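Here is a brisk report on one structure. Look at the sequence and the fold, then read on.

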Amino acid sequence: MPRPTRAVVDLGALDHNCKLAAELSGAGALMPVVKANAYGHGAVEAARVFERHAAALAVASTEEAVTLRESGIQAPILLLQGIFSADELQIASRQDFWIMLQNDAQLGLVESSELPRPVSCWIKLDTGMHRLGFLPSRAHELHQRLQACPQVGGDTVLATHLACADEPDNAHTRAQLHCFLTHTEGLDAQHSIANSPALLAWPDARSHWNRPGVMLYGQSPFAFEQDTAQKLQPAMTLLSEIQALRDVPVGDSVGYGSSWVASRPSRIATVPVGYGDGYPRAAPSGTPVLINGHRAALAGRVSMDMITVDVTDLPNVALGDTVTLWGQGLSTNEIADWAGTISYEVTTRLLPRVPREYRASTP
Ligand SMILES: *Cc1c(COP(=O)(O)O)cnc(C)c1O
């Protein structure tokens with residue numbers, strides 16, 4: 001028997017969420033973001049599902065794009081951070097990777113290189129995130145340079161990224177949208193603005209190309225209940241089984257540092273999953289898990305390979321019972337709240353030690 005800890009990825013949920021994103025995109029095209037191993041879900045498997053609904057995909061790095069190509073993914077792939085070297089530009093040209101140009105060094109490389117074939121370039125404008133991108137006031141100049149550049153093919157797309165789209169009616173988001181539209185006015189170019197929260201909640205940000213990531217995995221980007229986000233289906237369920245059960249008398253402690261002490265005669269279940277799998281060590285006592293569909297709470301610190309759970313209030317708990325750490329019935333957002341992080345990080349941190357099982361739908 002192998003260790004029972006595994007992540008079940010529901011391909012039907014990925015498909016459902018992607019269709020929803022495509023509907024929200026309306027006449028615009030969908031560019032699913034599959035960076036960071038598709039937020040932990042498996043980039044190749046996710047890309048195969050998304051390819052059915054999407055004109056192109058997006059990743060963070062050339063390495064990620066090459067992995068997809070080598071696995072037979074044929075859609076164009078946008079490199080969200082552009083290229084880091086002249087070699088990468090050659091690879092991009094050969095493999096039909098699109099490049100998000102975000103500074104003059106990258107633009108200079110494109111203009112001065114000899115390429116096997118023209119490469120598609122997007123222009124990233126920094127409208128207020130202040131990480132990457134050109135000054136928006138340069139939009140016309142940059143657009144002209146790309147139009148004049150023989151190394152550049154395809155449609156030129158003007159893009160920006162929003163800092164606060166997960167907050168309703170946010171003034172910074174309104175300012176970013178205004179800045180983008182003002183500086184790109186009059187240019188014959190396509191636009192790309194929306195990430196998941198913008199696609200879900202900011203109709204003005206929907207445009208020719210929409211770039212959702214987290215929503216495709218069934219995770220709401222919002223800290224509040226949002227109508228459309230309620231329709232998302234969680235794609236990853238992290239499962240394990242009870243490996244040991246013991247009774248702990250009043251006053252005895254459980255786990256490293258003896259941080260949890262029994263205030264009543266307690267029954268403690270040990271589950272073989274820990275921070276060595278990517279379960280957040282920051283999750284404190286009280287963090288929920290599901291056992292046979294019922295809620296129970298962590299008791300004591302998360303270890304590298306194990307957690308301990310207070311099952312005193314659950315009837316008929318037995319060795320081998322199924323434990324859900326997150327996913328169906330227990331959202332990654334809730335676990336993220338307990339652990340002081342965001343749902344994005346919860347699934348993205350899941351380590352290779354945890355086998356992924358792909359199902360048409362979760363049982
Ligand atoms: C990661 C990323 C996205 C996707 O963001 P989500 O919030 O996961 O939808 C979109 N655009 C860029 C530039 C990104 O880096």
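This is a predicted model: local features need pLDDT of at least 70, side-chain atom pairs count only at pLDDT 80 or more; totals for chains, interfaces and linings use all residues.

A disulfide is a pair of cysteine sulfur atoms within 2.5 Å. By that rule, a search of the whole structure finds 0 disulfides. Two cysteines are set out below. Buried means under 20% relative accessible area, exposed over 50%, and partly exposed in between, with a 1.4 Å probe and protein chains only.

Residues are numbered from 1 along each chain as its sequence is written, and side-chain values use heavy atoms, with hydrogens and water left out.

Next, the interior. A nonpolar core is a set of buried Ala, Val, Leu, Ile, Met, Phe, Trp, Tyr and Cys residues joined through side-chain atoms within 4.5 Å. The largest one holds 81 residues. F50, L68, I99, W122, M215 and Y217 have the most contacts inside it. A second, separate core has 31 residues, including A7, I242, V271 and L314.

What is Y217 in contact with, leaving aside its neighbours within four places in sequence? Its partners include L14, V33, Y39, H41, F50 and P234. Contact here means heavy atoms within 4.5 Å.

Aromatic rings come last. Rings of Phe, Tyr and Trp (its six-membered ring) pair if their centres lie within 6.5 Å. The whole structure has 8 such pairs. Y39, F50, Y217 and Y344 form one aromatic cluster.

Notes
Rings of Phe, Tyr and Trp (its six-membered ring) pair if their centres lie within 6.5 Å; planes under 30 degrees apart count as stacked, over 60 as edge-to-face and the rest as tilted.
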